[in-house]
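This report describes a few parts of one protein chain. Look at the sequence and the structure first, then read on.

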Amino acid sequence: MPKRAGIEEIRTFYARLMGAASKWPDPRLGRAFEAIPREAFSPPGPWRIVFHGRPVDTPSADPAYLYQDVLVTLDAAKGINNGEPSLHAAWMGAVAPQAGEAVTHVGAGAGYYTAILQMLVLPTGSVTAFEIDERLAELARRNLAPMEGVTVVTGDATAQPLPKSDVIYVNAGVAAPPVDWLDALNPGGRLIFPWRPSEDIALTLLVKACNGGFSATPLMRAWFIPCVGASSELQPQKLPASVDAARTLRSIWRTTDRTPDQSALAVYRDVWFSSEKLEGGA
């Protein structure tokens, strides 16, 4: 019988798969997924993993079971998990964090993807991670303690100003981003979040700060638990008529900068979403 691959070989192959999923030619992403052990950011095994929406318990605490494209349960009662690796790889490829950049991670969980983001901005970049769940925030703080340039904040990222950021990476469903998030983006900064204006619409949005405005590109579908302070609490004045309509989104505006017009797909008190492309935007 052939000898089973060791955990290092398994992790290396997993990293190669994530590099492919990212569609980003930068080899740093694969190296980051290889360097960060997923088991160090997961509860003690055996683990409850989720595949195609169905929970499955691993037979043992062998970490090899974690190096698949599956969710790992962090808090079953609250529906919190260590998200799908290929989705995160694709998101990181989309925002393309560069060495020296400042990243803000909203919804850090136990810190696994925070650690990978920090690897991508080495040697001089930084990551500020927000986690509203006190237990998870403390876990993330312990897990990330060996890494320089990472700060974990226990609290609501919608209720306090974010640091100036080149990348804002949001892991909770958002109906409309707080204006403070848009204001926190440096010129050329990127915001990525799961847009959930309604139960039927669950799209990743990539937002870029450019030319004094914010271009927006819908990407793949994405389901996350709601972001406290930026989801059901918001009262929309208008919502997209369908998923197809939502996919026509091309820009986001602060209502103080521009009054919603006939191009509006979704309208909230402080921000609105337009099908009109930002002039000169990506």
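## A strand residue

A strand here is a DSSP run of type E with at least two residues, and strands are numbered from the N terminus. Strand β12 covers residues 251-254, and Ser-251 belongs to it. The model is a predicted one.

Is Ser-251 buried or exposed? Buried means under 20% relative accessible area. Ser-251 has a relative accessibility of 0%, so it counts as buried. Its side chain reaches the backbone oxygen of Glu-276 at 2.7 Å. Apart from neighbours within four places in sequence, Ser-251 is in contact with several residues, among them Phe-214, Ala-216, Trp-272, Phe-273 and Leu-278.

## Two packed helices

Helix α1 spans residues 7-22 and helix α2 spans residues 28-35. They pack at an angle of about 145°, and their axes are 8 Å apart. The crossing of α1 and α2 is right-handed.

On the α1 side, the contact involves Arg-11, Thr-12, Tyr-14, Ala-15, Met-18, Gly-19 and Ser-22. On the α2 side, Leu-29, Gly-30, Phe-33 and Glu-34 take part. Of these contact residues, five are nonpolar, four polar and two charged.

## A four-stranded sheet

Strands of a sheet pair through backbone hydrogen bonds, either parallel or antiparallel. In this model, four strands form an open sheet in the order β2-β1-β3-β4, and their pairing is antiparallel. The edges are β2 (54-57) and β4 (80-82); each has a single partner strand, so one side of each lacks a neighbour in the sheet. From one strand to the next, the twist averages 45°.

Strand β1 (residues 48-51) and strand β3 (residues 71-75) run antiparallel and are joined by two bridges. Ile-49 has Val-72 of β3 as its bridge partner.

Definitions and conventions
Residues numbered from 1 in each chain as written. Predicted model: local features only at pLDDT ≥ 70, side-chain atom pairs only at ≥ 80, totals over all residues. Heavy atoms only, no water. Axes fitted to C-alpha atoms, helices over the stretch in contact; angles between N-to-C directions. Left-handed = near helix turned anticlockwise from the far one by under 90°. Contact = heavy atoms within 4.5 Å. Nonpolar A, V, L, I, M, F, W, Y, C, P; charged D, E, K, R; others polar. Pairing = 2+ DSSP bridges. Buried < 20%, exposed > 50% of the residue type's maximum accessible area, 1.4 Å probe, protein only. Polar contact = N/O pair within 3.5 Å; in protein donor to acceptor, adjacent residues only side chain to side chain.
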